[in-house]
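Please read them alongside the sequence and the coordinates.

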Amino acid sequence: MTETRQDGRAYGVDSEVGPLRTVMLHRPGNELRRLTPRNNDKLLFDGIPWVGRAQDEHDAFAQALRDRDVEVLYLGELLTEALDDPAARAQAITGATEDLRLGDTLRDYLRAALGELDPAQLAETLMAGIRNDEVRAGGLVTSLLAHEDFLIDPLPNLLFTRDSSVWIRDSVAVTSLAMPARMRETQLTEVIYTYHPRFAGVDKVYDHQLEHVEGGDVLALGPGVLAVGVGERTTPAGVERLAQRVFAKDLAHTVLAVPIAQQRATMHLDTVCTMVDTDAVLMYPNMAEQMRALAVTTDGDQLHVAEPEPFLVAAAKALGIDTLRRIDTGLDPVTAEREQWDDGNNTLAVAPRVCIAYERTVETNARLEESGIEVVRISGSELGSGRGGPRCMSCPVLRAPTAT
C-alpha cells in the first residue's frame with residue numbers, strides 16, 4: 001500500500017525487501033565533532049569518530065543507493081526546509097529549550113537567540129547543540145555550569161535515521177526514543193513530517209510522546225505483518241500501543257512481539273535479525289535458537305496474544321508461508337559474535353536478494369552470497385563507532401511492492 005500525492009510524490013513501505021525507491025539519510029556533521037572522551041558514553045558512541053572519514057563513508061553509502069536508482073533525502077535538508085514555516089520554528093525552539101536544567105533566565109535567552117537564526121542556522125544548531133561557552137547569557141545557571149557543558153545537547157545519533165521514524169504502509173510512526181541522549185531526535189522528525197511540504201497531510205500512526213518504541217525494533221516482514229523487538233529500547237507497553245494503533249488503521253493483521261536478550265550490541269531487533277529476501281532472514285546464531293515471538297492479533301475490540309513460539313515459526317505462520325530460510329552470521333560462535341558486533345546482521349535490503357552491508361563482515365557476507373544474496377559492500381570503519389550498520393542509517397520512505 002502506497003500513497004501518491006497530487007504532486008506525484010509517493011510514500012509507503014509494506015516489507016523489508018521491496019525494491020527501495022526513496023530513503024531518508026542523515027549525513028554526519030558537526031554533531032559528531034561534539035563527541036569527546038568525556039561525553040561519548042553518555043551520547044551512546046563507543047569511540048570518537050574521524051568525522052571527515054565518516055562523511056566520506058556516508059557519501060559512498062548514499063552513492064551506492066543512487067546507483068540502484070534510489071532517491072536519497074537528507075534529514076538536515078528536510079529540517080531546514082521545514083523551518084521556513086514559523087509554526088515549525090516555534091515548535092522546534094520550544095522543544096529544544098524545555099530542559100529543566102536551563103532555568104527561566106537562560107531558557108528565555110536561548111529562545112530569543114534561536115529565534116534570530118535563519119532556517120539553515122537554526123537546523124544546524126538544533127542538531128549540533130550549544131555549549132555554555134558559546135553564549136553570553138549571564139545569570140546564575142550559566143555562571144555555575146562549566147564552560148564545556150552543553151545547554152542544548154548535540155544529536156550525534158541522528159546518523160541512525162531508522163530509529164526516529166518508521167513507515168508502516170502509507171502511515172509514518174514518529175517514534176518515542178528511550179535513551180535520554182536521543183529523545184530530542186524525534187522532536188525534529190516530528191517537525192519534518194508535520195511542516196515539510198513533501199509530507200503535507202501524511203497520516204501519523206504514532207508520536208514521540210507515547211510509550212517507547214524505536215524504529216530499529218520494527219521489521220515489516222511482509223504486507224500486514226510486523227515484528228517488534230521488546231527490550232531496552234522498545235517497552236512492552238510500547239509494542240502494545242503500536243499494535244493497537246496499527247490495527248485501528250488496518251495497517252497490519254499481526255504484530256509479533258519479540259523479546260530480546262539485552263547486550264551492548266543487541267539493543268534493537270535489527271541488530272540480530274534482518275530480512276534479505278521475501279523468505280530469508282539473516283540471524284545472529286548465538287541468539288537465534290532462543291528467540292521467541294508472541295503473535296498479537298485483534299478481533300476489532302481487543303488484542304489477542306498467542307503463546308510464545310520460536311520466532312521463525314511464528315513469522316512463517318503470520319506470513320502464510322511454509323518456512324523462512326535462516327542465514328547465520330559468521331562461521332562459528334566467536335566469528336559470529338565479532339561480526340554481529342561489527343553490524344554484520346544490520347543489512348539494508350534494496351531489493352529482494354540484494355543488500356548493502358559493511359565490507360568488514362567478511363564471513364557473513366560470504367554466507368549471504370553462498371545463499372544467493374547479492375551483497376553491495378561499503379566501508380564503515382568510522383560510521384560503525386555508534387554501533388549501527390546500513391539498516392540503522394536509513395529510513396525507507398517508499399518501497400515498491402514485491403512480486404507475488
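1. Basis. This is a predicted model, in which local features need pLDDT of at least 70, side-chain atom pairs count only at pLDDT 80 or more, and totals for chains, interfaces and linings use all residues. Residues are numbered from 1 along each chain as its sequence is written, and side-chain values use heavy atoms, with hydrogens and water left out.

2. Helices α3 and α6. Helix α3 spans residues 75-82 and helix α6 spans residues 119-128; their axes come within 8 Å and cross at roughly 130°. Axes here are lines fitted to C-alpha atoms, for helices over the stretch in contact, and angles run from 0 to 180 degrees between N-to-C directions. Helices (H or I, at least four residues) and strands (E, at least two) are DSSP runs, numbered from the N terminus. α3 and α6 are therefore oblique to each other. On this scale, angles under 35 degrees are roughly parallel, over 145 roughly antiparallel, 65 to 115 roughly perpendicular, and the rest oblique. The crossing of α3 past α6 is right-handed; the term applies if the near helix is turned clockwise from the far one by less than a right angle, and left-handed if anticlockwise.

3. The α3 contact with α6. On the α3 side the residues are Leu75, Gly76, Leu79 and Thr80, and they meet Pro119, Ala120, Ala123 and Met127 of α6. Contact means heavy atoms within 4.5 Å. Sorted by class, this contact has 6 nonpolar, 2 polar and no charged residues. The classes are nonpolar (Ala, Val, Leu, Ile, Met, Phe, Trp, Tyr, Cys and Pro), charged (Asp, Glu, Lys and Arg) and polar (the others, Gly among them).

4. Helices α4 and α6. α4 covers residues 86-96 and packs on α6 at an angle of about 25°, the axes being 11 Å apart. α4 is therefore roughly parallel to α6. The crossing of α4 past α6 is left-handed. Arg89, Ala92, Ile93 and Ala96 of α4 meet Pro119, Leu122 and Leu126 of α6. The classes in this contact are 6 nonpolar, no polar and 1 charged residues. Pro119 of α6 takes part in the contact with α3 and in the contact with α4.

5. Thr125. Buried means under 20% relative accessible area, exposed over 50%, and partly exposed in between (1.4 Å probe, protein chains only). Leaving aside residues up to four places away in sequence, Thr125 touches Leu114, Leu117 and Ile130.

6. Salt bridges. The whole structure has 25 salt bridges, each a side-chain nitrogen of Lys or Arg within 4 Å of a carboxyl oxygen of Asp or Glu. One network links Arg34, Arg131, Asp133 and Glu134. Arg131 is partly exposed at 25% relative accessibility, as is Asp133 at 31% and Glu134 at 40%.

7. Arg326 and Asp328. These two form a salt bridge in which the closest N and O atoms are 2.6 Å apart. Arg326 is partly exposed, with a relative accessible area of 31%, whereas Asp328 is buried at 17%.

8. Leu20. This residue is in strand β3, residues 20-25, and is buried at 1% relative accessibility. Which residues does Leu20 touch, not counting those up to four places away in sequence? They are Leu65, Asp69, Val70, Leu348, Val350, Pro396, Leu398 and Arg399. Leu20 and Pro352 are 332 residues apart in sequence, with a C-alpha to C-alpha separation of 9.7 Å.

9. Positive phi. Most residues other than glycine have a negative phi. Asp250 has phi near 55°, a positive value; the residue lies in the loop between α9 (236-248) and β12 (254-259) and is exposed, with a relative accessible area of 59%. Arg353 also has a positive phi, near 70°. Arg353 is in the loop between β19 (348-351) and β20 (354-358) and is partly exposed, with a relative accessible area of 42%.
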